[in-house]
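Subject: Structure handover

Hello,

Here is the structure you are taking over. Please open it before reading on, as my notes follow below.

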Amino acid sequence: MKKLRAIVTGINAWVPEYRLTNNELSRMVDTSDEWIMQRVGIKERRILKGEGLGSSDLGEPAVRGLLEKTKTSPGDIDLLICATITPDMAFPATANIISEKVGIKNAFSFDLAAACSGFLFALQTGAAYVESGRFKKVIVVGADKMSSITDYTDRTTCPLFGDAAGAVLLEPTEEEYGLMDYIFHVDGSGEKFLYLKAGGSAKPASHETVDAREHFIYQEGQSVFKFAVVNMADVAAEIMERNNLKSEDIAWLVPHQANLRIIDATGRRMGLPPEKVMINIENYGNTTAATIPLCLWEYESKLKKGDKLILAAFGGGFTWGSIYLKWAYDPT
Ligand code: UT7
């Protein structure tokens, strides 16, 4: 029997309506449109407003739309994986909540937490289930309500993040399309540079942790930047070399959207012209597990069957990696 591969057969994303602009942010903290555009490249980010709404409320419309778009019955889904670091609650898994909301009844589901590399790790995990031959339809959704852990009194982090979800459907093929290769890394010593100090089992919520604002993202930006800019570029170049891909063979780089300078450095390292790099950070900021599917969704009409894509990410943990994906369908 020929080797089964997992192909992406559909993509969808969803963002909330509310746009938090740099101008509004500059009325909340001591910052400016000029600083944010020069240092990061973000103009606005979407924020999910409303009491009691969580990442599942981002993931639900993304997955519901994906099912409609691909004419897939929820009952046919075998597995749903949700990449998130902002689950609705510690348990049950946000994946289960999304499944319930969209009527997925014959699947099992779980969350995967790998911060900004979450979508890549989840995509490969979903692909492995498909490649096993036992799972025919797998949904991988990246959903993060980053506004729920962003400190809007901290100018060093609050301009960076936004809320969004993006989802793909994976199905098997015996043809040479789909997930061709991946390289993943973690370095746990990176924990101290980017983390949520409290609210986990090591430091549960208390009056003190709330007063100390420890339920918000803590980031030493410069240190993370130095690791990100080298490692994301290296791992993207490494997967090209391992698969004998020259820059002219690559149709698109699909990079995690944390900072335009990191994206530019990765594109340059791969020898790609700017028009081969998917970029939408200006409109959405860093949506963590959602950046890569959000990019694929926005650029879907430009993707052609056989296009060779390199997906690359770097994030908290540290976690980083790249995926070589051969796109499996033409625009409709
Ligand atoms: O996706 C997860 C992984 N995360 C990342 O990849 C993020 C990596 N890091 C970064 O993207 C960048 O480090 C940041 C965008 C977070 C910061 O940019 P930077 O060029 O590293 O700035 P910096 O932290 O070195 O700060 C430079 C200056 C400082 O002032 P002084 O000390 O030079 O007077 C900051 O206080 O900019 C100041 N600053 C700001 N000024 C205006 C910091 N934040 C702001 C702000 N507005 N929002």
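Which helices each supply at least two residues of the shell around the ligand? They are helix H2 (33-39), helix H7 (221-242) and helix H8 (260-269). Helices (H or I, at least four residues) and strands (E, at least two) are DSSP runs, numbered from the N terminus.

Two notes on the basis of all this. This is a predicted model, where local features need pLDDT of at least 70 and side-chain atom pairs count only at pLDDT 80 or more, while totals for chains, interfaces and linings use all residues. Residues are numbered from 1 along each chain as its sequence is written, and side-chain values use heavy atoms, with hydrogens and water left out.

The ligand

The ligand is surrounded by 23 residues, a residue being near a molecule if one of its heavy atoms lies within 4 Å of it. The closest are Thr31, Arg155, Gln222, Asn259 and Asn286. H7 gives the most to this shell, with 4 residues. By type, the shell divides into 11 nonpolar, 8 polar and 4 charged residues; here Ala, Val, Leu, Ile, Met, Phe, Trp, Tyr, Cys and Pro count as nonpolar, Asp, Glu, Lys and Arg as charged, and the others, Gly among them, as polar. Domain 1 (5-176) and domain 2 (180-326) each provide at least three residues of the shell, with bounds from an automatic or database domain assignment.

For Asn259 the distance is 2.7 Å, for Arg261 it is 3.0 Å, and for Trp35 it is 3.2 Å. Taken alone, the ligand exposes 960 Å², and the protein buries 75% of that (accessible areas by the Shrake-Rupley method with a 1.4 Å probe).

The second largest pocket

This pocket has a volume of about 190 Å³. A pocket is an open set of points on a 1 Å grid over the protein atoms alone, where a 1.4 Å probe fits, with protein on both sides within 12 Å along at least five of seven lines; lining residues have an atom within 4 Å of a point. The volume is the space filled by probe spheres set on the points. Strand E1 (residues 5-14) gives the most to the lining, with 3 residues. The lining includes Thr9, Lys69, Glu300 and Asp330, and its residues divide into 3 nonpolar, 5 polar and 3 charged.

Backbone points

Most residues other than glycine have a negative phi, and most peptide bonds are trans. The bond from Phe91 to Pro92 is cis, with omega near 0°, and Pro92 sits in the loop between strand E4 (79-83) and helix H4 (94-102). The bond from Gly317 to Phe318 is also cis, with omega near -15°. Asn244 has a positive phi, near 50°, and lies in the loop between H7 and strand E11 (252-255).

One more loop

Thr156 is in the loop between strand E6 (138-145) and strand E7 (163-173). Its side chain joins that of Asp154 in a polar contact of 2.8 Å (a pair of N or O atoms within 3.5 Å, where one must be able to donate a hydrogen and the other to accept it).

Regards
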